[in-house]
Amino acid sequence: MDGVPCLRVSQCHTQQFRKYLQSKGALDLNLCLLKDSDGTVLLPILPSCLPELDLQSLKSMVASDSACEIVWSQCPLQSKKKNGRTSSNKLKKILQELCESHGETWTEDVRGDLPRSFQRHGDLVLLGDNCFSLPLWKKMDEELWSAVADGLGAKRLAKMSRISRDGFRSPVVTMLLGEHSWVEHVDNRIRYEFNVTKCMFSAGNITEKLRVAGFDCRGETVVDLYAGIGYFTLPYLVHAGASHVHACEWNPAAVEALQKNLMANGVSDRCIVHQGDNRQLQLCDIADRVNLGLIPSSEDGWPVACRLLKRTTGGILHIHQNVTSVLPSTAAIPVINDATSRASGRTADREAWQAWADDTANRIASLLKDITDARWITNIQHIEHVKSYAPHVHHIVLDLECRPS
């Protein structure tokens, strides 16, 4: 994931959260906190401590009415080490020397063409598409990429230009330096291997993966309708203790990685991989739990999920969705202060989540009735906020209990 992992908290509760994180050894003491543009504060977290953070417990222990979410800051957080040099400063120095050695002038435009964020996967750094676009870089070719790798402390280098429209959301990635493109990422003691030129790694879903890992799924059959490389399939098997998981995935490259990851984590004997369109899945009446981890919407999978639930006992659907909230017009309402405005925005967000959840619960109950010709009761167990994509656009998960009446 791009940037530095941070805990976003309300400014008035910053010190309480800072002291708590520091007492647990989770605060990155080498970086300064950062006040964000919306008035909240970002507290830098050690990446190794992310899997151990329980946001719900943290919030209840420190300040239940505070903002509290994991974000990845793409703004540089200043180092506290007086004599330290961040990787960006080191990279700038190396590239400035390279430009001058080629007779190029180091201008503001050149400096602005350097990478502002990147993803790191082991010894491979994946650059975004908003850097090294000026013609002067083409003159330096391989010398440039060796210098960039040196500046970022990497052995391999790749660049992503966009997400393809092949139906698989495959990244369009070019290897710039290095022999191969397979990488390994470890989250919560789970190994994920994948090919960066063919698959994406959703590091921003770390809090939801941790939540899934905390479920008690012993004795349960779980169906993961959008398995990818195993983002949720593996936590269900490795930590939640599911008896069996059916993992559905239609991207052949993701299936290859998923099968590798099942073997690498020693759980392949408890998982069947179904390659292809999950709407064609020839299974029904088998699931205690169905995971629908597709955004912006998993709605195409709702009828499939309903067919999969056990007819006699029902089960739980975990439905992912990007929900957009619309703030009421404030043209005629005087704004008292920024805090009031932010509070109004948070209220609008939660109301939008609840409205979507209520509507979804009703629609799922109707689907179940149509499929089984029997009445079902749906109960909203929980609404989980995973991450924000933009102001008032949020990735949420609805835990929906579905039981035949």
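A residue is called buried when its relative accessible area is under 20%, exposed when that area is over 50%, and partly exposed in between. These words are used throughout for what is a predicted model.

Helix 8 covers residues 252-264. After the helix comes glycine 266, which has a positive phi, near 70°.

The buried residues of helix 8 are Ala253, Ala254, Val255, Ala257, Leu258, Asn261 and Leu262. An α-helix has 3.6 residues a turn, so residues three or four places apart point the same way. The cover over the buried residues of helix 8 includes strand 9 (182-187), strand 10 (190-195), strand 12 (244-249) and strand 13 (271-275), along with helix 7 (233-238).

The charged pairs come next. Side chains of opposite charge can pair when their charged atoms come close. The model has 18 salt bridges. One of them joins glutamate 104 to lysine 139, with 2.8 Å between the closest N and O atoms. Glutamate 104 sits in the loop between helix 3 (87-101) and helix 4 (108-111), and lysine 139 in the loop between strand 6 (124-127) and helix 5 (141-152), so this pair ties together parts 35 residues apart in sequence. Lysine 139 counts as exposed because its relative accessibility is 61%.

Another salt bridge brings together the side chains of arginine 156 and aspartate 123, at 2.9 Å from N to O. This pair also links distant parts of the chain, 33 residues apart: arginine 156 belongs to strand 7 (residues 156-163), while aspartate 123 lies in the loop between strand 5 (118-121) and strand 6. Arginine 156 is buried, since its relative accessible area is 9%, whereas aspartate 123, at 31%, counts as partly exposed.

Aspartate 300 and arginine 279 form a further salt bridge, with their closest N and O atoms 4.0 Å apart. Aspartate 300 is in the loop between strand 14 (289-292) and helix 9 (302-308), and arginine 279 is in the loop between strand 13 and strand 14, 21 residues away in the chain. With a relative accessible area of 55%, aspartate 300 is exposed; arginine 279, with 41%, is partly exposed. Elsewhere, salt bridges with shared partners join Glu184, Arg191 and Glu193 into one network.

Conventions:
Residues numbered from 1 in each chain as written. Predicted model: local features only at pLDDT ≥ 70, side-chain atom pairs only at ≥ 80, totals over all residues. Heavy atoms only, no water. Helix = DSSP H or I, 4+ residues; strand = E, 2+ residues; numbered from the N terminus. Expected span 1.5 Å × (residues − 1). Buried < 20%, exposed > 50% of the residue type's maximum accessible area, 1.4 Å probe, protein only. Contact = heavy atoms within 4.5 Å.
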